[in-house]
Amino acid sequence: MGERTLAGKRVVVVGASAGIGRAFAVRAGKEGAQLLAAARRSDRLQEVVEEAGCGTAVTADARNGEDCARIAEAARERLGAIDLLFISIGYAPLRMFAQTTSAEWFDVMQTNVVAVHRAITACLPVLAPAAMVATLTSETVGQARVALGCYSTSKAALAESMNAWRCEHPEFRFCNVTVGGTVPTEFTASFDAELLSVAVQHWIARGLLQQTMMTPDDVADVLAGMFASVLDFPDVGPENLVLRPASPLVSP
């Protein structure tokens with residue numbers, strides 16, 4: 001049996017300018033996928049396409065319905081249809097739960113849940129039969145972490161939204177990927193350093209932090225291999241995948 005790759009697959013990556021989304025887009029392009037990379041930052045998108053060696057860049061904010069429609073239309077024009085829609089967007093304020101503001105709640109839910117829903121809705125008519133739709137959730141769901149309550153709540157909502165898609169559109173496959181500690185990403189870029197230090201001590205005390213982290217490239221490579229295999233077997237529907245660092249926990 002030959003090696004399975006994304007070569008020739010029609011792949012759309014939303015959130016392709018940073019972190020796991022960027023790494024996945026580059027990997028898909030290098031494997032020979034027909035790639036469409038979408039994100040808010042046009043300069044970074046161009047770098048992604050150049051590194052991937054192929055692809056179409058679409059500057060778009062998934063929080064905007066018109067931008068999502070442009071992503072879908074670009075996919076129709078450039079790819080014809082979508083075999084894999086990979087959505088890697090997310091936002092997390094580091095805030096104690098009681099201090100989380102209404103504005104922060106709105107931003108988190110808008111980005112982590114509503115924007116994902118808009119992207120899927122827009123691309124639904126362009127999905128090929130048995131297409132894969134994959135989103136990223138977090139290991140914080142069910143493992144509460146100090147100062148990340150708003151974020152984990154939104155990711156739990158995202159997981160349930162994928163259940164709803166799966167229920168109402170069984171002609172496609174919807175996969176929720178739970179991702180553990182991964183660096184470097186921009187996830188912590190806006191975190192308050194002092195509160196982060198306090199939070200980390202709480203995470204360690206509860207056995208929720210591992211000694212080493214995964215890298216975006218490692219996660220992207222694993223996902224690319226899995227999705228490449230799944231796309232060749234349309235009767236197989238992976239619903240949930242969990243990727244966590246294999247290292248020991250940090251001792252209190």
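1. Two residues are in contact here when they have heavy atoms within 4.5 Å of each other. Keep that in mind as you look at this predicted model, where local features need pLDDT of at least 70, side-chain atom pairs count only at pLDDT 80 or more, and totals for chains, interfaces and linings use all residues. Residues are numbered from 1 along each chain as its sequence is written, and side-chain values use heavy atoms, with hydrogens and water left out.

2. Let's start with helices α4 (residues 102–123) and α5 (residues 149–168). On the α4 side the contact includes Trp105, Met109 and His117, and on the α5 side it includes Tyr151, Leu158 and Trp165. By class, the contact of α4 with α5 has 12 nonpolar, 5 polar and 2 charged residues. (Ala, Val, Leu, Ile, Met, Phe, Trp, Tyr, Cys and Pro count as nonpolar, Asp, Glu, Lys and Arg as charged, and the others, Gly among them, as polar.)

3. How do α4 and α5 cross? Their axes come within 9 Å and cross at roughly 20°. That makes α4 roughly parallel to α5. (Angles under 35 degrees count as roughly parallel, over 145 as roughly antiparallel, 65 to 115 as roughly perpendicular and the rest as oblique.)

4. Now try α1 (residues 19–30) and α7 (residues 216–231), which pack at an angle of about 55° with their axes 8 Å apart. That makes α1 oblique to α7. Among the residues that meet are Phe24 and Arg27 in α1, and Leu223 and Phe227 in α7.

5. Some of those names come back in the largest nonpolar core, which has 37 residues; Phe24, Phe86, Val177, Leu223 and Phe227 have the most contacts inside it. (A nonpolar core is a set of buried Ala, Val, Leu, Ile, Met, Phe, Trp, Tyr and Cys residues joined through side-chain atoms within 4.5 Å; buried means under 20% relative accessible area, exposed over 50%, partly exposed in between, with a 1.4 Å probe and protein chains only.) The largest share of this core, 9 residues, comes from α7. Leaving aside residues up to four places away in sequence, Leu223 touches Phe24, Phe86, Val177, Leu241 and Leu243.

6. Check the backbone too. Ala130, in strand β5 (residues 127–138), is not a glycine, yet has a positive phi of about 65°. Ala147, in the loop between β5 and α5, also isn't a glycine and has a positive phi of about 75°. Ala130 is buried at 18% relative accessible area, and Ala147 is buried at 6%.

7. Finally, where is the cis peptide bond? It joins Val183 and Pro184, with omega about 0°. Pro184 sits in the loop between β6 (173–179) and α6 (193–205).

Conventions:
Axes are lines fitted to C-alpha atoms, for helices over the stretch in contact, and angles run from 0 to 180 degrees between N-to-C directions. Helices (H or I, at least four residues) and strands (E, at least two) are DSSP runs, numbered from the N terminus.
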